[in-house]
Amino acid sequence: MQMRQLFALFLMLASLSPVHALERALDKEVIIKASLEQAWQSWTTREGIVAFFAPDARIEPKVGGAFQIYMDPGAVPGNKGADDMRFMALQPMKMISFDWNAPPHLPQVRSQRTFVTVRFEPASEGQTRVTLHHTGWGDGGEWDQAYAYFDRAWANVLNNLKKRYDSGPQDWTEWLAQLERWRAQARAAQAATSAGAAASAAQR
């Protein structure tokens, strides 16, 4: 009898073990000095996104609508950031979810998708709690690199959201200027390489 009871207990405990515990995820949270409506607008309008997340965006807050975040608006299509992402679900003033990709320097993972859920709830008078849950990760190689990258990146994004309501919208002027400087350097390096190759060919 005792053995049967122990076995039954073992089965019960096994059944209670959550399957999702094996699924790794990123979870971040911030409380911002903004109303629920303001927090919602920050994630569901282009103006809201530009104020804290990225220099440009295309936002269509509907199921299947664009949630395209352009960290580098001047890059070629496909390398601007989250170029082809879309809303998966929206519950007004409560939740949005969207698919997501990795940055261009991780091409194997960038060609696939993960999933992000952002939730909004009142925290106190004039404040809103914003939580972010990012899941759908593979294992090893670029997947591990992408996971580590977004562990840092989402913390920065939510910190920028907090700063947006503490001290005002993000100014992207220097960021965009730096991107143009990098592009100019890359063009110059490519031109020098091409010139060197042409000179070598001419000497043969």
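Mentor: The lining of the largest pocket draws at least two residues from each of β4 (81-82), α5 (141-167) and α6 (173-203); helices here are DSSP runs of H or I of at least four residues, strands are runs of E of at least two, and both are numbered from the N terminus. Helix α5 supplies the largest share, eight residues, and is the part to follow here. The model is predicted, so local features need pLDDT of at least 70 and side-chain atom pairs count only at pLDDT 80 or more, whereas totals for chains, interfaces and linings use all residues. Residues are numbered from 1 along each chain as its sequence is written, and side-chain values use heavy atoms, with hydrogens and water left out.

Of its 29 lining residues, Met71, Pro103, Tyr149, Ala153 and Trp175 are the closest to the centre. On a 1 Å grid over the protein atoms alone, a pocket is an open set of points with protein on both sides within 12 Å along at least five of seven lines, a cavity is a set where a 1.4 Å probe fits but cannot get out, and lining residues have an atom within 4 Å of a point. Points are joined across faces, edges and corners, and the volume is the space filled by probe spheres set on them. By class, the pocket lining has 18 nonpolar, seven polar and four charged residues; Ala, Val, Leu, Ile, Met, Phe, Trp, Tyr, Cys and Pro count as nonpolar, Asp, Glu, Lys and Arg as charged, and the others, Gly among them, as polar.

Next, the helix itself. With 27 residues at 1.5 Å a residue, α5 should span 39 Å, and its end C-alpha atoms are 39 Å apart, which agrees; the expected span is 1.5 Å times one less than the number of residues. Gly168 follows α5 and has a positive phi, near 115°.

Among the buried residues of α5 are Trp143, Ala146, Phe150, Ala153, Trp154 and Val157, where buried means under 20% relative accessible area, exposed over 50% and partly exposed in between (1.4 Å probe, protein chains only). An α-helix has 3.6 residues a turn, so residues three or four places apart point the same way. The buried residues of α5 pack against β1 (26-32), α2 (36-44), β6 (95-100), α4 (107-110), β7 (114-124) and β8 (127-135).

The structure holds one cavity of 30 Å³ or more, and the largest cavity has about 40 Å³ of space. Its lining includes Trp143, Ala146 and Phe150; α5 gives the most to this lining, with three residues. By class, the cavity lining has seven nonpolar, three polar and one charged residues.

As for the setting, the protein chain has six helices and eight strands, and 35% of its 204 residues count as buried. The average pLDDT (the predictor's confidence in each residue, from 0 to 100) is 90 over the chain, and 89% of the residues score at least 70. Residues 16-20 have pLDDT below 50, and beyond near neighbours in sequence this stretch has zero contacts in the model, contact meaning heavy atoms within 4.5 Å. Where pLDDT is low, the predicted coordinates should not be read in detail.
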